[in-house]
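Subject: Structure handover

Dear colleague,

I am passing on the structure we spoke about, together with some notes on what was found in it.

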Amino acid sequence: MIRDVVESKVDALKRGEVPFHEDEVPALLERNRDRLSFTLDPADVAGCEFLFVCVDTPPTHSGDADLSRVWTVIEELPPVEAGTILVMKSTVPVGTGEKVRYGLDSRGLEHVAYASNPEFLAEGSAVRDFMHPDRIVVGAFEPEDADAVAGLYDSLEAEIVRCDVNSAEMIKLAANAFLMTRISFINEIANLCEATGADVVEVAKGIGLDRRLGPHFLRAGIGYGGSCLRGEETVGIREGEDMRTTTLARLFDHLSDGDPGREVVQTTDLDVFAWSPETCDPGFFPAVAITRRWFEGELIGVKHGFYRGVRVTPDHPFVVASEAGGQTEVRLASDLTEDDWLPFVQTWRNKRVQYPKPVPALGAPAAEGGVALATVDVIESAAVDWIVTDWAQVVELKRFPHQGWVYSLEVPGPHTFVTTAGLVVHNCFPKDSLALKQLASNSGYHFQLLTAVIEVNDLQKRRVVAKLKRHLGVLRGKKVGAARARVQAGHG
Ligand SMILES: NC(=O)c1ccc[n+]([C@@H]2O[C@H](COP(=O)([O-])OP(=O)(O)OC[C@H]3O[C@@H](n4cnc5c(N)ncnc54)[C@H](O)[C@@H]3O)[C@@H](O)[C@H]2O)c1
């Protein structure tokens with residue numbers, strides 16, 4: 001029994017369609033068709049022995065995980081029999097299991113057991129990774145609950161690490177942080193090799209053959225993470241009574257009082273025009289922060305019509321579907337193709353009506369009287385009737401050299417915001433390193449090593465560009481290939 005809250009996903013799965021891209025999942029579902037059922041109704045899970053919680057746990061800007069979906073699952077739990085085990089697959093901060101235990105107990109569900117069973121798969125090879133895990137981690141409050149969960153994996157050949165719930169949660173976060181540390185470490189060694197005339201490939205090989213260290217994730221590269229839009233991209237905001245469109249750069253300057261040193265501004269009274277993938281509706285949602293970072297490299301210009309497109313870093317995520325109105329998924333700009341459909345928000349202009357209030361949306365003007373993408377002009381002239389979601393296919397993907405700040409907004413509800421040309425973009429991808437750093441700081445501990453790793457990783461991108469410039473001169477117009485380890489550190 002698989003339960004989701006998004007009707008279109010459940011309908012697609014019932015029809016045998018997979019609403020996201022993951023190589024081996026369609027065949028897996030097909031093989032097990034007779035054993036699977038899909039539902040929106042939480043009551044349908046009542047008879048299940050194991051209840052796996054696999055909801056998304058995105059980060060809030062502070063780095064903490066947003067556990068709202070986990071709590072919804074707990075609240076919606078139907079009366080279940082004694083012996084039912086709630087198994088946490090989602091990535092959660094250390095201490096969540098104890099809180100969930102308390103939540104279950106206070107709902108009179110003391111008879112529901114709890115286990116933590118974090119997942120280590122990578123997107124794109126999910127089935128393969130799941131079937132051939134390096135290890136399986138099971139944390140429980142009672143040994144018999146760990147036995148029951150571990151028993152589910154009997155047919156897989158992998159060592160099972162049994163531990164308490166807090167340790168299981170920590171293993172997941174610490175494994176990701178350790179991986180990032182290795183990546184950043186070898187990148188630092190590569191920089192030093194460059195300065196001293198050593199060859200980092202040979203050095204990595206020599207290090208990796210040491211059995212205490214191993215060969216994995218010792219390939220120097222550009223680091224992990226990071227995704228943002230250039231400062232000229234627009235966004236619709238509401239501050240108190242004031243609604244307007246502005247650019248990300250202007251908004252950042254306004255909120256940071258022009259402080260040149262700031263990279264993050266937390267916001268308390270700012271609503272941003274965004275789009276909810278769950279309801280497919282646009283609206284204002286509270287933003288918790290606006291961020292910026294220095295970026296030197298190529299931006300991808302994404303166009304969905306004859307309008308000015310939006311320029312983002314290649315790893316900035318978009319909400320996409322394979323057809324207009326289809327099931328959405330999140331895909332990086334660098335992975336977009338002209339087969340992808342993007343939701344965008346447009347405004348319907350009707351000249352016969354007097355409009356009392358300007359409505360901020362974004363984009364370029366279209367023909368009078370018809371469907372128009374709202375612009376600053378439209379908003380200022382208040383000639384907007386209502387706002388609708390439409391879909392358009394990607395028509396152009398171009399690369400542009402860029403050197404300067406790139407910006408993003410953190411809108412925790414829908415995890416999106418509406419930008420230039422009405423396009424919907426996703427928030428930046430989460431980073432578990434930040435979650436662990438935040439966890440440490442919440443516990444009064446300053447995790448110096450991890451702070452350094454995050455800093456090294458951020459610096460690495462600038463160093464790589466500087467290095468390329470040293471070797472190639474001006475980079476404009478030159479194509480540079482970058483091999484990168486297939487790791488999305490921090491997502492999942
Ligand atoms: N994707 C990965 O590679 C990966 C790897 C390891 C761990 N994880 C962790 O697994 C969790 C899920 O990640 P994902 O990438 O599958 O996220 P996802 O956003 O792709 O899927 C989450 C699903 O949960 C559904 N959902 C939301 N609220 C719900 C509710 N109240 N009841 C039922 N369903 C609900 C959503 O509609 C969505 O279909 C996260 O905690 C993530 O950190 C992911």
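To begin with a pair of charged residues, the side chains of Arg244 and Glu239 meet in a salt bridge, with N and O 2.6 Å apart, and Arg244 is partly exposed, its relative accessible area being 26%. Please keep in mind throughout that this is a predicted model, and that the values below were computed from it.

A second salt bridge brings together the side chains of Arg399 and Glu298, at 3.5 Å from N to O. This pair links distant parts of the chain, since Arg399 belongs to strand β21 (residues 396-410) and Glu298 to strand β14 (residues 289-303), 101 residues apart. Arg399 counts as partly exposed at 45% relative accessibility, and Glu298 likewise counts as partly exposed, at 33%. Elsewhere, salt bridges that share partners join Asp56, Asp66 and Arg69 into one network.

Within helix α4 (residues 96-106), Asp105 and Arg101 lie four residues apart, which is about one turn of the helix, and they form a salt bridge whose closest N and O atoms are 2.8 Å apart. Asp105 is partly exposed, at 30% relative accessibility, whereas Arg101, with a relative accessible area of 16%, is buried, because the cut-off for buried is under 20%. The count of salt bridges comes to 14.

Turning to the strands, an open sheet is formed by four of them in the order β10-β9-β12-β13, with antiparallel pairing. β10 (242-247) and β13 (281-286) stand at its edges and have a single partner strand each, so one side of each is left without a neighbour in the sheet. From one strand to the next, the twist averages 35°. Helix α9 (residues 248-255) lies across β9 (234-239), β10 and β12, and runs at about 115° to β10.

At one end of that strand order, β12 (residues 270-276) and β13 run antiparallel and are joined by six bridges; for Ser276, the bridge partner in β13 is Asp281. The two strands form a hairpin with four residues between them, and in the turn Cys280 has a positive phi of about 60°.

Most residues other than glycine have a negative phi. Ala421 also has a positive phi of about 60°, although it is not a glycine. Ala421 is placed in the loop between β22 (416-418) and β23 (424-426), and counts as buried at 1% relative accessibility.

Phe130 lies in helix α5 (residues 126-131) and is partly exposed, with a relative accessible area of 32%.

As for the chain as a whole, it has twelve helices and 23 strands, and buried residues make up 47% of its 492 residues. Among contacts between residues at least 6 apart in sequence, 70% join residues at least 24 apart. The chain exposes about 24,700 Å², of which carbon and sulfur atoms supply 53%.

Notes: Residues are numbered from 1 along each chain as its sequence is written. This is a predicted model: local features need pLDDT of at least 70, side-chain atom pairs count only at pLDDT 80 or more; totals for chains, interfaces and linings use all residues. Side-chain values use heavy atoms; hydrogens and water are left out. Two strands pair if DSSP finds at least two bridges between them. Axes are lines fitted to C-alpha atoms, for helices over the stretch in contact, and angles run from 0 to 180 degrees between N-to-C directions. Contact means heavy atoms within 4.5 Å. Buried means under 20% relative accessible area, exposed over 50%, partly exposed in between (1.4 Å probe, protein chains only). Accessible areas come from the Shrake-Rupley method with a 1.4 Å probe; for residues, only the protein chains shown count as cover. A salt bridge is a side-chain nitrogen of Lys or Arg within 4 Å of a carboxyl oxygen of Asp or Glu.
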